[in-house]
Amino acid sequence: MKIISAPDYQSMSRKAANIISAQVILFPNSVLGLATGSTPLGVYQQLIEWYKKDDIDFSKVHSVNLDEYCGLSGEHEQSYRYYMNTNFFNHVNLPIENTNVPNGLAKDIDAECKRYDNVITSLGGIDLQLLGIGHTGHIGFNEPDDDFDKTTHCVKLNQKTIEANARFFENAAEVPQHALTMGIKAIMQAKKLLLVANGSSKAEVLCRSLFGPITPEVPASILQLHNDLTVVADAEALAVIRQQYPSAIG
């Protein structure tokens with residue numbers, strides 16, 4: 001595990017984008033696992049900026065997203081397909097047919113989960129997976145549970161997750177109660193993992209995830225077992241780690 005400290009959100013975003021751009025430049029046909037939410041926005045903005053300067057070419061890249069809300073179409077402004085299109089895909093030359101997001105409107109949820117796992121397998125797995133971390137320690141929408149769900153599955157969202165995402169909707173009642181999420185197995189089988197975190201609200205859960213017991217009650221704790229995990233976080237998110245494990249920060 002490598003922990004990279006950044007003074008602020010902008011620097012965190014740039015450092016993380018550097019890692020992704022290096023992956024694509026060195027391996028143009030990479031399979032990127034992508035994340036949504038507030039934290040990765042700066043990463044995507046930086047990658048778009050470099051693309052517009054002809055510093056990076058996404059034309060041979062394939063992507064697979066971590067998750068999607070159940071019940072939302074790709075045209076819904078709060079769907080993760082819409083998020084990816086408007087915040088990244090529409091601004092770079094990554095062919096839209098090479099992008100993959102779970103189908104939140106699938107009538108047969110089990111079939112859609114199997115289909116999505118097959119998509120990942122058919123691409124040869126994920127070369128680099130970008131991750132955020134939720135206030136519950138969730139990665140993707142793998143919420144605290146009694147065990148680690150290995151494959152793509154439908155999950156009932158934790159109340160804390162619903163409350164955290166309510167800011168994107170008119171009110172908490174409009175936040176979908178369920179989501180499709182990539183499982184722990186596909187995430188952990190990615191060749192490289194890149195976890196980004198910012199803000200003081202993530203400091204405690206980030207420390208528990210990276211240095212606490214490995215338990216499904218803190219889903220991100222499983223990342224400790226990966227042999228190529230890079231964490232890029234700002235000073236606020238690293239405050240507890242810096243206090244308790246100062247030598248761990250590069």
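User: Hi! What should I know about the model before we start?
Analyst: It is a predicted model, where local features need pLDDT of at least 70, side-chain atom pairs count only at pLDDT 80 or more, and totals for chains, interfaces and linings use all residues. Residues are numbered from 1 along each chain as its sequence is written, and side-chain values use heavy atoms, with hydrogens and water left out.

User: Is the crossing of α1 and α2 left-handed or right-handed?
Analyst: α1 passes α2 in a right-handed crossing. A crossing is right-handed if the near helix is turned clockwise from the far one by less than a right angle, and left-handed if anticlockwise.

User: Which residues in α1 and α2 meet?
Analyst: On the α1 side they are Y9, S13, R14, A16, A17, N18, I20 and S21, and on the α2 side L41, G42, V43, Q46, L47 and W50. Sorted by class, this contact of α1 with α2 has 8 nonpolar, 5 polar and 1 charged residues. Contact means heavy atoms within 4.5 Å. As for the classes, Ala, Val, Leu, Ile, Met, Phe, Trp, Tyr, Cys and Pro count as nonpolar, Asp, Glu, Lys and Arg as charged, and the others, Gly among them, as polar.

User: Let's zoom in on S13. Is S13 buried or exposed?
Analyst: S13 counts as buried, at 3% relative accessibility. Buried means under 20% relative accessible area, exposed over 50%, and partly exposed in between (1.4 Å probe, protein chains only). Not counting residues up to four places away in sequence, S13 touches G42 and V43.

User: And what does α2 do with α3?
Analyst: The axes of α2 (residues 41-52) and α3 (residues 80-87) come within 10 Å and cross at roughly 35 degrees. There, L41, Y44 and I48 in α2 meet Y83, M84 and N87 in α3. By class, that contact has 5 nonpolar, 1 polar and no charged residues.

User: Switching topic: how many salt bridges are there?
Analyst: The count comes to 3 salt bridges. The rule asks for a side-chain nitrogen of Lys or Arg within 4 Å of a carboxyl oxygen of Asp or Glu.

User: Can you walk me through them?
Analyst: One joins the side chains of E49 and K53 at 3.4 Å, N to O, and E49 is partly exposed at 38% relative accessible area. Another joins E112 and R115 at 2.8 Å, N to O. E112 is buried at 6%, while R115 is partly exposed at 36%. D127 and K191 also form one, at 3.1 Å, N to O.

User: Where do D127 and K191 sit in the chain?
Analyst: D127 is in the loop between α4 and β6 (128-131), and K191 is in the loop between α6 (184-188) and β9 (192-197), so the pair links distant parts of the chain, 64 residues apart. D127 counts as buried at 17% relative accessibility, and K191 is partly exposed at 48%.

User: Back to E112 and R115: why are they about one helical turn apart?
Analyst: Because they are 3 residues apart in helix α4 (residues 109-122).

User: What's up with the phi of D54?
Analyst: D54 has a positive phi of about 65 degrees although it is not a glycine. Most residues other than glycine have a negative phi. D54 is in the loop between α2 and β3 (62-65) and counts as exposed at 71% relative accessibility.

User: Last one: what does K2 touch?
Analyst: K2, which lies in strand β1 (residues 2-6), is in contact with L229, T230 and V231, leaving aside its neighbours within four places in sequence. K2 and I249 are 247 residues apart in sequence and 7.5 Å apart in space, C-alpha to C-alpha.

Key. Axes are lines fitted to C-alpha atoms, for helices over the stretch in contact, and angles run from 0 to 180 degrees between N-to-C directions. Helices (H or I, at least four residues) and strands (E, at least two) are DSSP runs, numbered from the N terminus.
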